[in-house]
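This report goes through one protein chain, beginning with a single residue and ending with the chain as a whole. Please keep the sequence and the structure open while reading.

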Amino acid sequence: MGAVKKQQTQPGIARWRFALVAGLLCALAVSLIVHIAGLQVLPAQDHGYRFLQDQGRARTIRTEEIAAYRGAILDRNGELLAVSTPVQTLWANPRLLREASEQELRRLAGALDTRPAELARRLEKYRNKEFMYLHRHMSPEEAHQVLTLDLPGVFSKKEYRRFYPAGEVVAQLLGFTNIDDRGQEGLELAYDQSLSGEPGKRQVMKDLKGRRVQDLAVKQEARPGRDLRLTIDMRLQYLAYRELKKAVTDNGAASGFMVILDTRSGDVLAMANQPSFNPNNRQGVTAAAMRNRALIDQFEPGSTIKPLTALAALETGRYQPDTPIDTNPGYIRLPGKTLLDPVNRGVIDLTGVITKSSQVGITKVALDLEPESLRELFYRLGLGEAVGSGFPGEAPGVLPTRARWHPIELANFAFGYGLTVNAVQLAQAYSVVANAGLKRPVSLIKTEGKTSADAERVVQAPLAQNVVAMLETVIGPQGTGKRAAVDGYRVAGKTGTVHKVGSEGYADNRYRSVFAGFIPAENPRLAAVVVIDDPTHAKYYGGEVAAPVFGKVMAGAMRLLQVPPEEVTPADQQLATQLDERGTTS
């Protein structure tokens, strides 16, 4: 009872103290609410929710590049010549990867097919970096095997690798891309901007270890590159490449090249080179093998120019195909040099000069011409200026201009020395003759809507047709180019055997064998030039080395293009006999 009374008389907690504590607790709660609101609701500049969100995004949200698909390269019929295939590239953050155990690094080195010591050396080299490549362009299956090791700091990204289905057959024309899929040579370089497209961008969320957590948004779609369709017909390209390679091998030649033009459109249907290389595996490839000689190399065309000199003579009106030329006594002396034929051909007509490739005959004709009129004709036919193919490094050739022409300079010029051409220029010049004097632009890129308005008349049709008849005799039994004949078809063309330039002038035992021509002669479809450089075996004349390549390729081309054989009429046969007889008059 006494204890109860004592409890009742104990003094209570003062009200002001209770209020103070309660107020402090409430103020603390309110302060906490205000602080949380400031962080999550109020947009303060330095510490508000937007600031924190920005800081969070900066640490977790990244912008990645979306690789653009490089456009394909196709031939005129749609056959793929160059195509990009998706691959995986493995990369690492060295700072994170260095945290892996020694055993994990060994497993990674094994999966990458490299030595652990080499991997360790690279990690040490990039220790202060956040990026290094582990392996470029792996197949998705191989990359997946590495990623399943689940090592810290190892990631992958999608890229594209270029593949060339035709391999070495058209390598120099196409060129190739580097490991970043950018054009380095050939048409890959010339049209790199169009083929490359434009990469895209996307935002992704990553964790602190750099692993992708979520794809957030595509900021910019990747724009694929545009396809490039060439004028090349791979059926003819394979045929030309095969025969050219065989000729270079059989004759022990240093190199060779061949060009085929569609005379009706100016399209380049084939452009083969030897030696070649495999663009899918360029280890050990030399610069010589990568050169597109058909457009980059310029050479003296030799006797293949003689028909063009004859055309210049016809343009004067003083010469006809049957105009007699006295080549007696089989040589002609000019200041500084004597020019001669293998045998004294006596009196032959202008056609016979071309049939027998008479040096003396064409020299006498040239000395009767105005040098500038001869040069001007060559220029009209496309010599001395680039054909405008757009190919990197195309050689424009050299067509000399002189204030005064010495007789030997004019003679050399008339039979193909002292000027240089590339193979496409020479093929275009012969195409003009084949087209009855119409010159068409040469093209490597297939375009629609070509019309006859694209052609330019540079030679009168009757004169060009006279030269066609002359060129047919070269392929006859008595001509220098009979090995270029194709059964069932009339062929027109001219051989050339050119001395190569050495350290001390023209070499006596080094040659370039050339043949230029077109088929069928009466309604030409194809013009072609074959060049075999520096044959080292017994044969070196253009008629022996280059002409057979033309004949074999054109025989196959006529079948592939389904050009029907001609029906040789008695009148045709009589004309051919007369032309042969006229060419062999001595």
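This is a predicted model: local features need pLDDT of at least 70, side-chain atom pairs count only at pLDDT 80 or more; totals for chains, interfaces and linings use all residues.

Leu24 belongs to helix α2, which covers residues 15–40.

## Arg121 in helix α6

Arg121 is part of helix α6, made up of residues 116–125. Its relative accessibility is 44%, so Arg121 counts as partly exposed; that class lies between the limits of 20% and 50%.

The side chain of Arg121 is joined to the side chain of Glu118 by a polar contact of 2.7 Å.

## The chain as a whole

The chain has 586 residues, and 49% of them count as buried. Its secondary structure consists of 23 helices and 19 strands. Helices α2 and α6, described above, are among the helices.

The accessible surface of the chain is about 28,900 Å². Carbon and sulfur atoms account for 52% of this surface.

Among contacts in the chain with a separation of 6 or more, 71% are between residues 24 or more positions apart.

Note on methods. Residues are numbered from 1 along each chain as its sequence is written. Side-chain values use heavy atoms; hydrogens and water are left out. Helices (H or I, at least four residues) and strands (E, at least two) are DSSP runs, numbered from the N terminus. Buried means under 20% relative accessible area, exposed over 50%, partly exposed in between (1.4 Å probe, protein chains only). A polar contact is a pair of N or O atoms within 3.5 Å; within protein, one must be able to donate a hydrogen and the other to accept it, and residues adjacent in sequence count only if both atoms are side-chain atoms. Contact means heavy atoms within 4.5 Å. Accessible areas come from the Shrake-Rupley method with a 1.4 Å probe; for residues, only the protein chains shown count as cover.
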